Amino acid sequence: MSAPAGAVLGRDAAAAAADRESGFDWRALATDAKLLLIGIPVFIWTVLPIYHMVLFAISPKQDAFSGKLWPEHPTLRNFEVVFGQKHYFLSHFWLQLWNSLVIAVATGVLTLMIATFAAFAISRLKVRGGRTVMNLALFTYFIPAAFLAVPMYRTMGLYGLLNNHWALILAMVTIASPYAIWVLKQASDKLPYELDEAAVMDGASPMQLFRLVYLPLMMPSLVAIGTYALLLAWNEYLYAFLLLSRDTDITLPVALGNFLAADDSPWELLMTTGLIYSLPPAAIYYTFKRYMVGGLTAGAVKS
């Protein structure tokens, strides 16, 4: 027969009391051990590709595939080649990096403007049809973005926007805006409506309410959404590959794909360029990390 529940609870309480008296928490140790057993393999699996990228970037071409954990003769020659545009595939490196930056920033700004005004109108001004707009915003994600690539290409061709940065900017804004509107609307719903009422009673117009009350309170969510849209456009490949074709117009991710067209691809230069391209988004993410966590989860739980 099993022991009564009271006896089991008594033994657990006695064990916990004994642990407290001894000054050692075995349960906490077991929990930490479980987390380490899970966290260490995940960390290694995550860092391993980055380590190999760095390894290729500091290795001479002849040592890139040696299989060693560290090159015998590490070098920064690959960075010199990339920054100096001293290879055929890197002849427009700085221009393509600039293209990526312009498209990413423009996408972030436009997405932020559209989503902010839409969320304010739906959540605070209670405009007619707001619920329909929100449902349509969610409905757009039932269709994978990859399926819309060809229709988007056709649409941009009809409007004469192919090989124009605006084609990619508008495509990225179209993809990012529904999610941005939804997140900002949910975050906006959490703001107390008494602030709006007090501002209106003081004679504030809708635009003054938007500028003086809404924007300051929504700043964490706005930073998070702007960062999300910027990184989405920065890392985009498929739409950039379809909508831009000239070497002077393409973004750096598309240019990196050209490395694979050669019979003898310069992998050390490819990894060096990829490492350089990955640094700005990493810096942006870690700079605004606290806003990303707080902003993207704002409104996730209703009080």
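**Exercise 1. Which residues of α9 meet which residues of α10, and how are the two helices oriented?**

Step 1. In this predicted model, L215, P216 and L217 of α9 meet M219, P220 and L222 of α10, where contact means heavy atoms within 4.5 Å. Helices are DSSP runs of H or I with at least four residues, numbered from the N terminus.

Step 2. By class, this contact has six nonpolar, no polar and no charged residues. Ala, Val, Leu, Ile, Met, Phe, Trp, Tyr, Cys and Pro count as nonpolar, Asp, Glu, Lys and Arg as charged, and the others, Gly among them, as polar.

Step 3. Helix α9 (residues 206-217) and helix α10 (residues 219-234) pack at about 70°, with axes 4 Å apart. Axes are lines fitted to C-alpha atoms over the stretch in contact, and angles run from 0 to 180 degrees between N-to-C directions. Therefore α9 is roughly perpendicular to α10 (angles of 65 to 115 degrees).

**Exercise 2. How far apart are the closest N and O atoms of R77 and E80?**

Step 1. A salt bridge is a side-chain nitrogen of Lys or Arg within 4 Å of a carboxyl oxygen of Asp or Glu. R77 and E80 form one, with the closest N and O atoms 3.2 Å apart.

Step 2. Because R77 and E80 are three residues apart in helix α3 (residues 77-83), about one helical turn separates them.

Step 3. The count by this rule is five salt bridges.

**Notes.** Residues are numbered from 1 along each chain as its sequence is written, and side-chain values use heavy atoms, leaving out hydrogens and water. In this predicted model, local features need pLDDT of at least 70 and side-chain atom pairs count only at pLDDT 80 or more, while totals for chains, interfaces and linings use all residues.

How values were computed: Parallel < 35°, antiparallel > 145°, perpendicular 65-115°, else oblique.
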